[in-house]
Amino acid sequence: ALQVLVLLVPWPLWAQSAPTVDELVKEALKVNPSVEELRLRLAEARVNEVPAGTLPDPMVDFMLTDARFPRFTVGKEEMSMLGVTVRQDLRYPGKLSSREKQAQAETGVRELELARLKAEVVAAIRETYAELYALDVELEKVEEALDLLQVLKETAQARYAAGFTSQE
């Protein structure tokens, strides 16, 4: 029966010991959705740093002015024309560097948020692990005390049965 039980129960369930605190911390940081969200926000902030210090994209506009719409009169009428316009917004000299610094500051804020959340997760896991350890030790002591009480009970019963002591 024991051999069948060993074959039915998967190996990790009966051979695995309790994980260490560091293993629990590593696993929690890997699967915690809040940590993953902040990692993604940090990656986004890092990506946004580079374009923050560049000029905006140039704009191209196409124009058609037709004096006798719906007939096409471009080239026949002086008031009809086609045009192409290219625009490039130029920022005030200090604005590009300030936008870049702002993006770098945003990245720094995201890094600090991620570090703070990781520290909170690690502290919570270590605290819970310590509480579990304390409960395990307490349970051990209670079991030892129960064993001692059982011995005292059996001793008292044996002494009473032999007539060495009174019932009180």
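Student: How much accessible area do V142, L146, L148, L149 and L152 have together in their nonpolar patch on the surface?
Tutor: This is a predicted model, where local features need pLDDT of at least 70, side-chain atom pairs count only at pLDDT 80 or more, and totals for chains, interfaces and linings use all residues. Patches take residues with over 30% relative accessible area and no salt bridge, joining like charges within 9 Å and nonpolar side chains (Val, Leu, Ile, Met, Phe, Trp, Tyr) within 5 Å. Areas follow the Shrake-Rupley method with a 1.4 Å probe; for residues, only the protein chains shown count as cover. The five side chains V142, L146, L148, L149 and L152 together come to about 480 Å².

Student: In which helix does L148 lie?
Tutor: Residues are numbered from 1 along each chain as its sequence is written, and side-chain values use heavy atoms, with hydrogens and water left out. Helices (H or I, at least four residues) and strands (E, at least two) are DSSP runs, numbered from the N terminus. L148, a member of the nonpolar patch, belongs to helix α5.

Student: Which residues gather in the patch of negative charge on the surface?
Tutor: Lys and Arg count as positive, Asp and Glu as negative; His and the chain ends are not counted. Each charge is placed at NZ of Lys, CZ of Arg, CG of Asp or CD of Glu. The negative patch consists of D136, E140, E143 and D147.

Student: Is E143 buried, partly exposed or exposed?
Tutor: E143 sits in helix α5, which spans residues 93–162. Buried is under 20% relative accessible area, exposed is over 50%, and partly exposed is in between (1.4 Å probe, protein chains only). E143 has a value of 43%, so it is partly exposed.

Student: What part of the 168 residues counts as buried?
Tutor: The accessible surface of the protein comes to about 14000 Å². Carbon and sulfur atoms hold 61% of that surface. Of the 168 residues, the buried part is 13%.

Student: How far apart are the N and O atoms in the salt bridge of E36 and R39?
Tutor: A salt bridge is a side-chain nitrogen of Lys or Arg within 4 Å of a carboxyl oxygen of Asp or Glu. The structure holds 10 of them. E36 and R39 are both in helix α4, three residues apart, about one turn of the helix. Their side chains meet at an N to O distance of 3.3 Å.

Student: Which residue forms a salt bridge with R41?
Tutor: R41 is partly exposed, at 36% relative accessible area. The closest N and O atoms are 2.9 Å apart, and the partner is E37.

Student: Which strand holds D61, the salt-bridge partner of R87?
Tutor: The side chains of R87 and D61 meet at 3.3 Å, N to O. R87 lies in strand β2 (residues 81–87) and D61 in strand β1 (residues 59–65), so the pair ties together parts 26 residues apart in sequence. Both are partly exposed: R87 at 39% and D61 at 31%. The strand of D61 is β1.

Student: Which residues is L64 in contact with, leaving aside its neighbours within four places in sequence?
Tutor: L64 is in strand β1 and is exposed, at 51% relative accessible area. V84 is 20 residues away in sequence and 9.1 Å away in space, C-alpha to C-alpha. Contact is defined as heavy atoms within 4.5 Å. By that rule L64 touches F72, V74, M81 and L82.

Student: What distance separates the C-alpha atoms of L40 and R110?
Tutor: L40 lies in helix α4 (residues 33–52) and is exposed, at 54%. R110 is linked with E106 and E113 in a network of salt bridges. L40 and R110 are 70 residues apart along the chain, yet their C-alpha atoms are separated by 9.6 Å.

Student: What distance separates the C-alpha atoms of A124 and V25?
Tutor: A124 is in helix α5 and is partly exposed, at 40%. V25 is 99 residues from A124 along the chain. Their C-alpha separation is 9.4 Å.
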